[in-house]
Amino acid sequence: MEGWIKLHRKRQNHWVWQDPEYLRMWIYILLDVNHETRKIVWNKNVIEVKRGEKITSLKKLAEEFN
C-alpha cells in the first residue's frame, strides 16, 4: 500500500501519544485502513468497506502485536 496520512499536531496532547506501545498500534491501524471504498467478500457476502474503515478482529490484532 502506498500513500500518506495526515496527523494534526494536537494529537501530541492525546493520552495515546504518551504510551509508545499504544501509539505504535494506533499508527498501525491508521496506516492499514482503506484509503478508498472497496468491496470485499466476508463470510460469503459481498460488503462495502468505506474509506477510513477496516475489517479485522481482536485475534488478528493480538497476533500482530504479540
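## Largest pocket

In this predicted model, 13 residues line the largest pocket. Those nearest the pocket centre are W4, I5, L30, N34 and H35. The volume of this pocket is about 410 Å³.

Sorted by class, the lining of the largest pocket comprises six nonpolar residues, four polar residues and three charged residues.

## Secondary structure

The chain contains two helices and two strands. Their order along the sequence is α-β-β-α, with the two strands placed between the two helices.

## Overall dimensions

The radius of gyration of the chain is 14 Å, whereas a compact globule of 66 residues would have a value near 11 Å. The C-alpha trace covers about 40 × 25 × 20 Å along its principal axes.

## Burial, surface and contacts

Of the 66 residues in the chain, 9% are buried; for this count, a residue is buried if its relative accessible area is under 20%.

Technical notes:
Residues are numbered from 1 along each chain as its sequence is written. This is a predicted model: local features need pLDDT of at least 70, side-chain atom pairs count only at pLDDT 80 or more; totals for chains, interfaces and linings use all residues. Side-chain values use heavy atoms; hydrogens and water are left out. On a 1 Å grid over the protein atoms alone, a cavity is a set of points where a 1.4 Å probe fits but cannot get out, and a pocket is an open set with protein on both sides within 12 Å along at least five of seven lines; lining residues have an atom within 4 Å of a point. Grid points are joined across faces, edges and corners, and a volume is the space filled by probe spheres set on the points. Ala, Val, Leu, Ile, Met, Phe, Trp, Tyr, Cys and Pro count as nonpolar, Asp, Glu, Lys and Arg as charged, and the others, Gly among them, as polar. Helices (H or I, at least four residues) and strands (E, at least two) are DSSP runs, numbered from the N terminus. The radius of gyration is taken over C-alpha atoms; the globule rule is 2.2 Å times the number of residues to the power 0.38. Buried means under 20% relative accessible area, exposed over 50%, partly exposed in between (1.4 Å probe, protein chains only).
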